[in-house]
Amino acid sequence: VTLKSSSVQPWVSLRKVIIHKNAVCVFLCWCRNTNLSLLDSSGAMVSIDPTMPHNTERYMKPPPHKEELFQNVLTQVAEQFSRAFKINELKTEVTNRLAMLEKRVELEGMKVVEIEKCRNDIKKLREEMASRNNSCFYFSLSNFLEDNKKLTPRRDVPSYPKYMLSQHTIDALKKPAFDVWLWEANEMLSCLEHMYHDLGLVKDFNINPITLKRWLLCIHDNYKNNPFHNFRHCFCVTQMMYSMICLCSLQEKFTQVDVLILMTAAVCHDLDHPGFNNTYQINARTELAVRYNDISPLENHHCAVAFQIFSQPDCNIFSNFDPEAFKQIRQGTITLILATDMARHGEILDSFKQKVDSFDYTDEEHVTCLKMVLIKCCDISNEVRPMEVAEPWVDCLLEEYFMQSDREKAEGLPVAPFMDREKVTKPTAQIGFIKFVLIPMFETVMKLFPQIEEAMVQPLRESRDRYEELKQIDDAMNEKKKSENLTIGGKKK
Ligand SMILES: [Zn+2]
């Protein structure tokens, strides 16, 4: 398509048309490969370069608001499309489901009826995909907008009303028994902010207090609203880390850099968690699994999002650090976040067990290993909390698990029994985890810090006993039901 400057609008607009060719083609329903060239009134080609200097008056520059209008319309349309269709998520989901269904059809031995059903599903999905294919342009643009909106720091800081922490709250915040359910997001943000000040991190590292607020807001915005892996979970893990730092007097043993790494890794450790675990990511061959080659896809993603946030000067609490110090903080934070992959639990705990009896705080390897175990403890520490605080988290976790297993069933993926709503109950979910994961890990840490026995290990033992009692009641009820059914069955015969 050739555009002549004399035939259409002032040529400044034509330049825009060509620079924004993709957008224009979509609007005018032209093929996106359309070649556009711009000719001046004498018919000579005008070169188009987005970096060209601005037009001068003599080229009949249109009033600036028109250009702005064009830009705004583009942005708004893209935003509306993005909201209306949730296109990125849908696209990934549809593609995944399609692949899965196709795989199922290929499997030998499937019943004819099932194959027919799959075929129909595939047809439907293909049609859905095709109807959206024309919106490719919006896929990328909406993605860009969404990402940008989330990662871009809010300019209106401090926008969360400053919550004045009472002395009672300040004291309670240092203890594992802190009730994490009482607080709104802005109050949790104030608490996190308080921890950084209270530990002396803001003062010692010359952190800009406004940057700290902005960073925390940005962190909050980048946690998804999952049943379990949400901002409140981030708050819990960080508050437990703060409690352990206080309870175990870790500031006497660790450098402030280590304390900063422990706290920051806790804050960032589940950023942008999608609510489906690594097993799902790998089996469903999601974008994350492909990007990270099946190696801790989620933890790698949390880490990458964390440092994308730090890469923005407005949110970079480390901006006053020299490059060497930043490197150290970055490496330390990455190591800790990657250590939260439970697939590595055995490996990390074994390594710690080998060091704990002759633990050496001057040995960097020992200290790193301890920090890894500490963040692991905090990450799965809900059962350390009082029963009324801990128990709702089990429901949240099961809700997230059931969402995953339902989806796995729908997609024909393997389902882990501990996530299956047909197989799992609250006591069965908790007993094994407390007995074989939590207590052994906390008892090993107790060798270094005997003071955690009363505040952390004892509540775990009580929780284990309580769930064992509940399981006995469940079992007795099931036995009763079974024998009733047998009796009824017998009578029928
Ligand atoms: Zn977590």
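A salt bridge is defined here as a side-chain nitrogen of Lys or Arg within 4 Å of a carboxyl oxygen of Asp or Glu. The structure is a predicted model, in which local features need pLDDT of at least 70 and side-chain atom pairs count only at pLDDT 80 or more, while totals for chains, interfaces and linings use all residues. Residues are numbered from 1 along each chain as its sequence is written, and side-chain values use heavy atoms, with hydrogens and water left out.

**Salt bridges**

Side chains of opposite charge can pair when their charged atoms come close. By the rule above, the model contains 20 salt bridges. The table lists three of them.

| Pair | N to O distance |
|---|---|
| Lys 435 and Glu 468 | 2.9 Å |
| Arg 461 and Glu 443 | 2.9 Å |
| Glu 479 and Lys 482 | 3.8 Å |

The pair of Lys 435 and Glu 468 links distant parts of the chain, 33 residues apart: Lys 435 lies in helix H21 (residues 426-448) and Glu 468 in helix H22 (residues 452-492). Helices (H or I, at least four residues) are DSSP runs, numbered from the N terminus. Arg 461 in helix H22 and Glu 443 in helix H21 likewise form a link, 18 residues apart.

Lys 435 is partly exposed at 33%, as is Glu 468 at 27%.

Glu 479 and Lys 482 are three residues apart in helix H22, so about one helical turn separates them. Lys 482 is exposed, with a relative accessible area of 53%.

**The zinc site**

The zinc ion is coordinated at 2.0 to 2.2 Å by His 233 (NE2), His 269 (NE2), Asp 270 (OD) and Asp 379 (OD). Donors are N, O and S atoms within 2.8 Å of the metal (3.2 Å for Na, K and Ca); water is not among the atoms, so sites may look incomplete. The donor residues follow the spacing H-x35-H-D-x108-D in sequence. His 233 lies in helix H11 (residues 231-247) and Asp 270 in the loop between helix H13 (256-268) and helix H14 (278-283), so this pair ties together parts that are 37 residues apart in sequence. His 233 is buried, at 1% relative accessible area, and Asp 270 is buried at 6%.

Note on methods. Helices (H or I, at least four residues) and strands (E, at least two) are DSSP runs, numbered from the N terminus. Buried means under 20% relative accessible area, exposed over 50%, partly exposed in between (1.4 Å probe, protein chains only).
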